Amino acid sequence: MNQHLLDKFYQGECTPEEVKEVLAWFKSQEPSQEQEQHLAQEWEKAEQNKVEVDSLLDVDKTWRSVEASILSETESVGDEARVLPLRGTPWVKWMKVAASVLLPLGLLGLVALWYFNTTPAGKLMTMQTAPGERKTVQLEDGSTIILQSGSQVTYRQPFAADRRDITLEGEAFFQVAKDKRRPFVVKSGAIYTQALGTSFNIKYLPNDTATSVALATGLVKISQDQNHSRVQLAHLVPGEQLQFNRDNQQHRVSTFEHREVLSWKDGVLYFKKASLGEVVQKIEQWYGVEVAVTGLKPEKMKEWSYTGEYTDQSLPQVLEGIGFVKQFSFKIQDNHVRLNFTAPMPMK
């Protein structure tokens, strides 16, 4: 911290931006003995130079007015507002002094902002997609979320002053804007994925045992909530994927094929050596339908494997393509689909 700036601060000569800089420094540093002595000297000078001596000498009274002001503000924004005091930090008494310096200057709100590390809580937002729907969500910080069918994200708008928190259920691709002051954290069940400026895909389905995080660009740190404390699992680099099994609480990191994991966000329905069950599951999610299968013998089902891709194609077009290769007919009625392996598709 520039000593000249500190001197200006205690003489009441800082601009609002300079005040923010000083208060942020207060909160992030632990004062040395020399700094404590210097601050005490500057405070004595500030007391001598002020006209309203009585109000300045009663530092505790001034600080109580700061806290009362903050509490009234948080009450006005509802139950979701939060106050996070730093009462145990060595800088508390100097923040109290700062309140006395700034109160006559009408800059009380800056003390509240930096000491309590909070802004009025933003509105709780929930964005979701229906079965068969995909949606792009633009966040106020410049980040983008692409939501897969049947997925949901919850976040505050605007974000808090010190972090950007997202809760995901389903699958989504995140393109995160850089902001070193505010880490971007996605909670998916017990898994937390933290990034600054990067892009990654998370798949978390409550009825599935696996949670996966695949990194496209940048770096992410992944941790797990264990008894209300975070345990670090891995740091990923581009091209790596973490898969976490919720049943046995085990995880592994491996490479992944971009086409297979990330193509959905570009409108590509992709299958690679997919079993019949995997094909049915993807079609149901992609188009928001229910699929029933008839006429396939159990021994044939074990041999079933399909590879193919379809870009922005309709359900009938996709079923025609797969049915031609795998020899089944189909019938679509409303949101119900029947695949019939006893009556193969006629050759055209």
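Mentor: Let us begin with contacts: Val279 touches Phe271, Ala274, Trp304, Tyr306 and Ile322, leaving out residues up to four places away in sequence. Contact means heavy atoms within 4.5 Å. This is a predicted model, in which local features need pLDDT of at least 70 and side-chain atom pairs count only at pLDDT 80 or more, while totals for chains, interfaces and linings use all residues. Residues are numbered from 1 along each chain as its sequence is written, and side-chain values use heavy atoms, with hydrogens and water left out.

Trainee: What makes a set of residues a nonpolar core, and which residues have the most contacts inside the largest nonpolar core?

Mentor: A nonpolar core is a set of buried Ala, Val, Leu, Ile, Met, Phe, Trp, Tyr and Cys residues joined through side-chain atoms within 4.5 Å. The largest one has 30 residues, and Phe271, Val279, Ile283, Trp304 and Ile322 have the most contacts inside it. Elements giving two or more residues to this core include β14 (268-274), β16 (306-311) and α11 (315-326). Its largest share, 5 residues, comes from α9. Another core, of 27 residues, lies apart from it and has Val153, Phe159, Ala195 and Val220 among its members.

Trainee: How do you know whether Thr154 is buried or exposed?

Mentor: Thr154 has a relative accessible area of 18%, and Thr154 is therefore buried. Thr154 belongs to strand β4 (residues 152-157).

Trainee: What makes Arg164 and Asp141 a salt bridge, and which parts does the pair tie together?

Mentor: A salt bridge is a side-chain nitrogen of Lys or Arg within 4 Å of a carboxyl oxygen of Asp or Glu. The closest N and O atoms of Arg164 and Asp141 are 2.4 Å apart, and the pair forms a salt bridge. Arg164 lies in strand β5 (residues 164-175) and Asp141 in the loop between β2 (135-138) and β3 (144-147), so the pair ties together parts that are 23 residues apart in sequence. Both Arg164 and Asp141 are buried.

Trainee: Why is Arg163 called partly exposed?

Mentor: Arg163 has 26% relative accessibility, and therefore counts as partly exposed. Asp165, at a relative accessible area of 34%, is partly exposed. The side chains of Arg163 and Asp165 meet in a salt bridge at 2.8 Å, N to O.

Trainee: Which strands stand at the edges of the open sheet, and why?

Mentor: Two strands pair if DSSP finds at least two bridges between them. The 3 strands follow the order β15-β18-β17, with mixed pairing. β15 (290-294) and β17 (329-333) are the edges because each has a single partner strand, so one side of each is left without a neighbour in the sheet. β15 and β18 pair in the parallel sense over 5 bridges.

Terms used: Helix = DSSP H or I, 4+ residues; strand = E, 2+ residues; numbered from the N terminus. Buried < 20%, exposed > 50% of the residue type's maximum accessible area, 1.4 Å probe, protein only.
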